[in-house]
Amino acid sequence: AVVSTQSTGVRGSFTTLKTLTACQILYPDYLEELSRQSWLGLYSKHVDITDEANLRRFAEAAQIPDIDKLIEFSSSDEAKQLLVNNTAEAVESKCFGAPWYTVTNPTTGRREEFFGHDRVEMLGWVIGRRYMGHHPPQQSLQD
C-alpha cells in the first residue's frame, strides 16, 4: 500500500470522489462498501486514497465486479457530471462538514439532514431502523 506522506488537504480527494461517483452509477449496490473501504484507508490505514493502486485495493475489498471498468469510467463525462451535481446538491443543502447525511424517510418522503457521526442514531430513527452502535453483536444483525 502507498502510505500518504502529505496532508489529505494538500493532495485532495478528487480522484477518489470520481471513483466513488463512477461506482454510484455502475455499481450502486457496492457504493457503501467502497466508501467504507476508502474511509478505512484514509483514517485507519493512513494510505493515499488518491493512489490508483490503493483505489484498486479498496474496490477489490468491496468486491466490485469489474475494477478496470470502474477506474476507466471514473474519468468519463457522465461520472464527472454526476460529481458536479452531487456537489451542487450538498452546497444547496448547506452541507458544512463531514460526515453529512441526507436521508429520506421511507414513510413520509421527508428529507432530513444530519452532520456528524454522533447523529447516526437519529438517522436510524428517521429510516425506522434501530442503531446498534458501530460494532453491533452479530446476533443483533440477524434479528
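Trainee: Is Glu 52 buried, partly exposed or exposed?

Mentor: Glu 52 is partly exposed, because its relative accessible area is 40%. Buried means under 20% relative accessible area, exposed over 50%, and partly exposed in between (1.4 Å probe, protein chains only). Please note that this is a predicted model, in which local features need pLDDT of at least 70 and side-chain atom pairs count only at pLDDT 80 or more, whereas totals for chains, interfaces and linings use all residues. Residues are numbered from 1 along each chain as its sequence is written, and side-chain values use heavy atoms, with hydrogens and water left out.

Trainee: With which residue does Glu 52 form a salt bridge?

Mentor: The partner is Arg 56, with the closest N and O atoms 3.0 Å apart. A salt bridge is a side-chain nitrogen of Lys or Arg within 4 Å of a carboxyl oxygen of Asp or Glu. Both residues lie in helix α4 (residues 52–61), four residues apart, about one turn of the helix. Helices (H or I, at least four residues) and strands (E, at least two) are DSSP runs, numbered from the N terminus.

Trainee: And which side chain does Arg 56 meet at 2.7 Å?

Mentor: That of Asp 68, again in a salt bridge. Arg 56 lies in helix α4 and Asp 68 in helix α5, so the pair ties together parts that are 12 residues apart in sequence.

Trainee: How many salt bridges does the structure hold?

Mentor: There are six. One of the pairs is Glu 33 with Arg 36, at 2.5 Å, N to O. Glu 32, Glu 33 and Arg 36 are linked in a network of salt bridges.

Trainee: Changing topic, how do the strands pair?

Mentor: Strand β1 (residues 100–104) and strand β2 (residues 111–115) pair in the antiparallel sense over five bridges. Two strands pair if DSSP finds at least two bridges between them. Thr 104 has Arg 111 in β2 as its bridge partner.

Trainee: What does Ile 127 contact, leaving aside its neighbours within four places in sequence?

Mentor: Ile 127 is in contact (heavy atoms within 4.5 Å) with Val 103, Thr 104 and Pro 106. Ile 127 itself lies in helix α7 (residues 120–127).

Trainee: Where is confidence lowest?

Mentor: In helix α1 (residues 8–11), with a mean of 49, while helix α5 (residues 67–73) has the highest, at 98. The score is pLDDT, the predictor's confidence in each residue, from 0 to 100.
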